[in-house]
Amino acid sequence: MTGNGLPPETEITLLLCGGFSATRRDEPATPLNVGEFNNLADALTSHGFSLLDLLDHTRQEAIRSDPATAALLTPRIETLLTRGTAMAMAAERWNSLGFWVIDRTSSRYPERFREHLGASAPPLLYGAGDTELLNRDQPRVAVVGSREIDTDGEAFARTVGATSARIGALTVSGGARGADRTAIDGALEAGGEAIAILPGALQQVATSRAYRSMVSEGQLTLISPYHPGAKFTAGNAMGRNRLIYCLADLAIVVESAKESGGTWAGATETINAGWVPVGVRQTSNPSAGNQALIDLGAVPITPDTVSSPDAFQTWFDTTTSSHRPPEPSPASQQIRLLD
Amino acid sequence: MSNDERLYQEALTHLRTALNQPDAIFRDDQYEAIEHLVKDRRRLLVVQRTGWGKSLVYFIATRLLRNRGDGPALLISPLLALMRDQIRMAGNLGLRAVTINSTNTKAWHEIEGRIECDEVDILLISPERLGNEKFRERVLAELAWRVGLFIVDEAHCISDWGHDFRPDYRRIGRILQYLPNTVPVLGTTATANDRVIADIQEQVGESLRIIRGPIKRESLRLQNIMLPTQSARLAWLAEQVPRMPGSGIIYCLTIKDTQNVANWLQSEGIEAHAYSGRIEHDERIELEDRLLRNDLKALVATSALGMGFDKPDLGFVIHFQRPGSVIHYYQQIGRAGRALPDAYAVLLCGEEDEAITSYFLETAFPPERHIDSVLDALRNSDNGLTLDEIERTVNLKRTQIEKVLKRLSTESPTPVYKQGTAWRATPVEYRPDHQRIEQITALRYEEQAQMREYMERQQCLMGFLETALGIVDPEPCGRCAPCMGQPILPDSAGWEIASRAHQFVRQQSYGIEPRKRWTNPGVPALGYTGLISNELRHEPGRALSLWRDSGWGEMVYAGKFQRERFPRKLVEVGAELIRDRWRPEPAPTWVTCVPSLQRPELVPDFAQRLADELGIPFFPALKKRYPTEEQKSRQNSYQQLKNIAGSFAITGIARPGQPVLLVDDIVDSRWTFTVAAAELRQAGSGPVFPFALTTMFGVGG
């Protein structure tokens, strides 16, 4: 997002799907969700138009005056399209503070999201730090877990981050308090790199003293499907959980409640979808949630394994190679919305 | 009737309504501009001299777009205070125009409501507003999602090659880069050379169309006059201004000069008044109105009076000093003679011009060490720092800190941003663009040299200006002094008036206002916190000269740094100032002075002789407990007070309860006088009247 503005694909995606206020409530019309966005793109394409036509006054008029497409531009969509000035002011602000925004057609957009999530991959990603990390050819370990963890859990999360760094793997995590941040701190302290996928509050985290220099030096990349000024909400947190798993080669659950909470929901969703193998911390006295995940097919991993780089490497290799990836999402063929 | 014809007829009707002239027709290019915005919803830059009717274009375009159901227009202009007439014209068109600025914050809430109900057709804001996050979130957000026309007034400011580049315009340039083509854009300016136009085009995009008209002002009669000393130029003004047609503007480079020139002209019975950014908003409007009504002969102004000031019958523009560039100069003289057959533009050149313009261009960018120290302070803080807190942490003047923050926060990407009242660091590594800074500084020096060349020019002056502004092979104007082959106006003043002017320059003095407040947190151990009580404050004081000015400033400088004794003449003029012109009440009955360990004799020796001249006794009531750093090495109030507080000891109050004259050689921050006076008062002296030989305060812009 440097130099002369945004690519037109990002412009139109932002106009239709982006938010520019701190809360969704303050938007003049509800931005399109990914399904609505896909539908609009498909409908326009099937009548010989494209989303990019919506950026041009004359082409817009053509869509409005064609009986086949006139109804597509509902009052809600017309309202979203008039937000050009709001979008420009927001984009300028984000860019000035060091944030970027990319859409699904960008070469910097994570290939894994397209691969696993297909047309339901988030239309926009915002972030700070080096985008090169997003598609770098390097093993990735996701670490998830609740906000409230005991000292053993904390030590485990930190060790996973540190050992991942030692074997040259990238740590991916949610960036929340508790297991998420501890794992990232472990990775960064060991000189490794990390990606944090945030459910909002991107601006607060990126400018915090703890992470500011890590971001500017390229060690830590922050991303979020929600814009930098968006407030943190529980709904947002749920929405981004799957992204953490999908960006990694495997995920390790430090601590999960049973049948409740974001960790449980994300882990079971992943086990069911089969995106990546899920590992679970195994202790002599496992929690009900951790045990239940093992029962559902998650792979146990002990504190001893994570503290030895060799053992961890072996476990990583075995777990990833014995995982049978799902058939590519049929929808992954459909990301041609803006072609 | 075709759609195109209908649009034309509709626009013409609005034109006639706006001007209240049933037979008005469009000027060159005006309709073309409107059509480009309304029919094609495209982007346009209009470069036309003042008076062409740029505001008609954007009001009629707004009216037509609103008639078609489009959203309201957003107009960004640095000149809101001067747009009262334009807003009246918008009213003729039935446009609801609303201005938002820092002077009407109380109305923001109501305006927000009106925007929400779609009861605003055009919102006018200053460029600074756009940088204010609170404003953007509260007020602008409502409008921003449906702006139907984006208007940037004085668009040349977007280019940092432009002559009066403003940091806040950088943000506008970037917003335009991110603005999708769905929003039509109009930029307007009266002054943009090829380079600036090319730069704007690069920022806004290839689709930007340019409409550019002629720049020549036929009525102007140009003349340059070299008069090195201030007194010679003052004398010339006093003699010539009363003979000028109508009212006019006298431009100076510094605020101090506007005050001096206005004082002098007033003392010569000429209705002149100083005008600068330091004058209160309401008084400025009042002064502009008086000039518009010809109720003043002249405003003596800095460049703060310029863009947007619209007086068709302005009879003359005189420059007391040479501006930094041709484009500045041309913009300022272009105010004169818009609806007159003859108007005068006289450039007086003095010995100090070059030094002042060089000072401006050397201080245009904050030095890197200032940037580094502010950035370090912010990066080492957890939750950011307020301006007060930064001032306590770094040894820089508040204005220097503000300049750094302004510069950095308008960079993109920026290493700092403001959240509430605190400045915070971002994850952006900042590297100043040395090459760009050097290029711009070099360009400014070229512009300064070009102005020097203009001053010495022996051929057509208008031709020189036109060439400099991109007109190829202009015709000689036939009206300027070189074209006429003789001066239009005499190039010197009579002897009598010259000697009065000389006297005036030497009799200048400068007020020393008491400080009213200790710094925050001050020096609690000494009780120096909060307000400075009346019992501890000094009285208003005086300084004899301005640092190295052409009155007595040079003599003070030489006395202090070369001869190490102040000459007899300064004792005489000092006593004369105190006794005959200042006349402090109650009159001091004794004299004391600020002690120094570095030059223990210099000031006491002067104070003793001054006391003798005044016929009252001198007692050294203060001594230094320990050496302190020179106050001028301390850059802000917090550091200055900290440096000096507690460093004085009282040796004895010679006349308890009696008013005293407190003498020092140089006053700058006033903290030395403030602390010394507080010590004297606490030890039992009467009111303290500070007197300094020279003041650094107010030097520069």
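I took two strands as paired if DSSP finds at least two bridges between them, with helices (H or I, at least four residues) and strands (E, at least two) being DSSP runs numbered from the N terminus.

The model is predicted, and I kept in mind that local features need pLDDT of at least 70 and side-chain atom pairs pLDDT 80 or more, while totals for chains, interfaces and linings use all residues. Residues are numbered from 1 along each chain as its sequence is written, and chains are lettered from A in the order in which they are written.

I looked up the sheet of chain B first. Six strands form an open sheet in the order 8-13-12-9-11-10, with parallel pairing. Strand 8 (220-226) and strand 10 (272-275) of chain B each have a single partner strand, so one side of each is left without a neighbour in the sheet. I noted an average twist of 15° from one strand to the next (axes are lines fitted to C-alpha atoms, for helices over the stretch in contact, and angles run from 0 to 180 degrees between N-to-C directions).

Last, I looked at the contact between the chains (C-beta atoms, placed from the backbone, within 7 Å), which takes 31 residues from chain B and 33 residues from chain A. Helix 8 of chain B gives the most to its side, with five residues.

Note on methods: Contact = placed C-beta atoms within 7 Å.
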